[in-house]
Amino acid sequence: MKAVVVNFQRLGRARQWNISTIVLTVMIALTILIGTLVNSHFASWGNLSNILEQAAGLGFASIGQTLTILTGGIDLSIGMIISASTVFLAATVDGRDSLVWPMVIATLAMGTSIGIINGVVISRLKVHPLIVTLGMAAILEGCILLFTLKPTGSIPFWFEEFAWGRLNGIPIAALSMFVAFIGVALFLSRTGLGRSLYAYGDNIEAARLRGIPVNRVCVFVYATSGFFAALAGVYFVSRTGIGDPRIGVPFTLTSITPVIVGGTLLSGGKGGVIGTLFGVLLLSLIGNVLNHMNVSTSIQWVIQGLIILAAVSFYLRKGDK
Amino acid sequence: MNVDVVAVSKQFPGTLALDSVSMSIRAGEIHALIGENGAGKSTLIKVIGGAITPDSGHVSIDGVHQNFATPRHALKAGIHIIHQELMMFPQLSVAENIFLGNEPQLKIVRRKQWEEKALSLLESLGHPVNPRTLVENLSVADQQMIEIARALSQEAQVLILDEPTSVIAGDEVEMLLNRCRELRDSNVAILYISHRLEEIFEISDKITVLKDGKHVVTRPTRELNQYSLTELMVGRPVKDRFPPKREFGEPDRVILEVRNLVSPPHVLDGNFELKEGEILGLGGLVGAGRSELAEAVFGARKVKSGTVKLYGNEVTGSLPIEMIKRGVGFVSEDRQTTGLLKLLDIASNITVATLEQFCKRNLIDRHKERTVAREEIERFSIAAPGPEAPVATLSGGNQQKTLLSRWSRVAKLVLILDEPTRGVDVGAKTEIYRIIYSLANAGVSILLISSEMTELIAIADRVAVMREGRITGLLERDQVSENSILRLAMGTR
């Protein structure tokens, strides 16, 4: 009994480092081991750094998703914000050097604005986030397809550095992803607003009654989600060189997977981005191992589904006490 | 700071919660607000605190007209409230529960500093709790002390306490009252709500009585005594409030026997016997595990060990549907979420637990359903236009009578009633007591859970008391009193 109490006190202190991170670390190690058995070059820096580099898109998208889920919500417009961002950035830049930075900033501002609209509608009209962001996704998809049905636009060659470049052998994209995760983790644990997200997700009525500006918190969360989705869009433009109206589609759902696998409660109030980072790493490694084993994409989807179910039942059992 | 409430009205579906209520809270004064459950006290303070917008009327601060749009605005003006329902973040720590929301949003959180401040606050209240503990692991008494610590930690101009002592006892109550006096002497305006009249007389300067959403009277405390106050609250002489105690012999046949029932985390040792035609009261503080014990008996909660016997047959761990088939009914505490089918009509609400009686070849016979519902509306004197009236349009009392009708059709042997008169007006209460008596007289054994001590004393034949998950005592008819219940409920001597 005593041991249990001590354990909970630890949890209270280090909310984002909990049992799920330990389990995930073990699973990541296991995956690397299996990968090495499948292909002896799997654990080489060359392969691992490629995996990290490719994980950045999913990583950015799932940071925003973690925040929405922490508050007991969800953002189903992430995929379409990614698509819209790639099309907008590639089409407006269209190969011109001078427009790259202004348009990157404009893209990020666009994603943030879409998120702000989501947040305002959710908090003012008190509509469930699922419905609001689903509606937003449909609107965005329609707008994108009105503009173009095919991949479009282009960027100057040097901008591909963001997704492909290395700094002393470390992928710039992976580095940016880690910086983003650590920044958001610190924000969640060290600022009043960060703690307010947990309070919001835990008991929104209590949060409101004690003067936490719940509407502003809500707008902030969806704005952040929109920002990171747009950042993922920027990454994909840098990686593929074009704006692709379909590229974001899978990310609406795949951005949720690492959050759940990382131990954030779907009902909100518990979890954090550190778990999500581990989730992103695990899923990317598994995908890579399966590629080495020549497993088809369809089977990979099945496996990803099984991982989600396993994670959820594991966390539920733990919550049973 | 002075607060004036001017002609405030608020309508909720089915009830007029506040009917043109006016009152004033003055700086340097402890003003007690009393009234029965459902009198409108909590609604009134939520209006003052900006959590509810009134339909008409307004609140003014120092003579300036203000209707706070959100609790945040009220807090900024210096109005702090300890709400009756504990408004906690169960998954956050004690320190976070005390300080979250008080500090600017973008400030860096100094965890150590919060924890030290939290501990010293709780120590000054004589109730040290580890500030790192997650609130979900604390007892309700601990949670209440945290709420109190939170409100006291701030520079309140106006402090409103809604039933702050309902789950704490002894020294802690004294400590709290002393702090309130200190605050009053430093010119804070205090509005104090409590059911415990001794406390009210000990601490207040002025008393306002609310009844059925209306302001009854405001008077200096010294002009009142407990007896006159109760009469003002109830609106009629106290002795007429409950039906006369019924004659009831000593039955010997045990219908329901519960032994050492354990259903963690809320039920640690449940023990009682329910005899034929008896009304057994189940008392205790909020959070003592009374509802959970009843749910475990009814099969709505997992049982870890112990036995439940019905007529001598072991039925431990049955499903609710099986208990219903054996003749056990359960009117739950929260009729809005676990009782009513809110979108359906009265007839469907009455028949849902006994639907097979209304089925022909698996199809519902609507005609028969309506006929029976009409009879039930008559029998329970439910004020409704007819069996097809949506149950959501009824008042709290009539909704409760609808549920009583549903479950009395099931309960041939045992009927469990969890807070059957909560949020019900005084008239409906009397009718509900009458229904309980007539069911018991017809031979149904009744387990009555109630937080209203007067109700237990007046209605129950015997009273079992629960504390922290265990039955701590059984009071026979001649032993039942407010003191004896409280002593067992709080574990004091």
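How far does helix 6 (residues 129-147) of chain A reach from its first C-alpha to its last? Some notes on that and on the rest of the model follow.

1. First, the ground rules. This is a predicted model, in which local features need pLDDT of at least 70, side-chain atom pairs count only at pLDDT 80 or more, and totals for chains, interfaces and linings use all residues. Residues are numbered from 1 along each chain as its sequence is written, while chains are lettered from A and ligands numbered from 1 in the order in which they are written.

2. Now the helix. Helix 6 of chain A has 19 residues and reaches 27 Å, close to the 27 Å expected at 1.5 Å a residue (the expected span is 1.5 Å times one less than the number of residues). Helices here are DSSP runs of H or I with at least four residues, strands are runs of E with at least two, and both are numbered from the N terminus.

3. Which residues of helix 6 of chain A are buried? They are A:P129, A:V132, A:T133, A:M136, A:A137, A:L140 and A:I144. They cover an arc of only 135 degrees around the axis, which puts them on the same side of helix 6 of chain A; the arc is that of the directions from the helix axis to the C-beta atoms. On the other side, A:G142 and A:L146 are exposed. (Buried means 20 or more other C-beta atoms within 10 Å of a residue's own, exposed 12 or fewer, and partly exposed in between, with C-beta atoms placed from the backbone.)

4. The buried residues of helix 6 pack against helix 3 (45-70), helix 4 (78-93), helix 5 (100-125) and helix 12 (251-254) of chain A. Contact means that the C-beta atoms of two residues, placed from the backbone, lie within 7 Å.

5. Stepping back, chain A comes to 15 helices and two strands. Buried residues make up 50% of its 321 residues. Its C-alpha atoms fill a box of roughly 65 × 55 × 35 Å along the principal axes.

6. Chain B meets chain A through 27 residues of chain B in contact with 25 of chain A. Helix 2 (residues 71-76) of chain B gives the most to chain B's side, with three residues.

7. Chain B itself is divided into domain 1 (3-239) and domain 2 (254-490), with bounds from an automatic or database domain assignment. The C-alpha centres of these two domains lie 31 Å apart, and 14 residues of domain 1 are in contact with 14 of domain 2.
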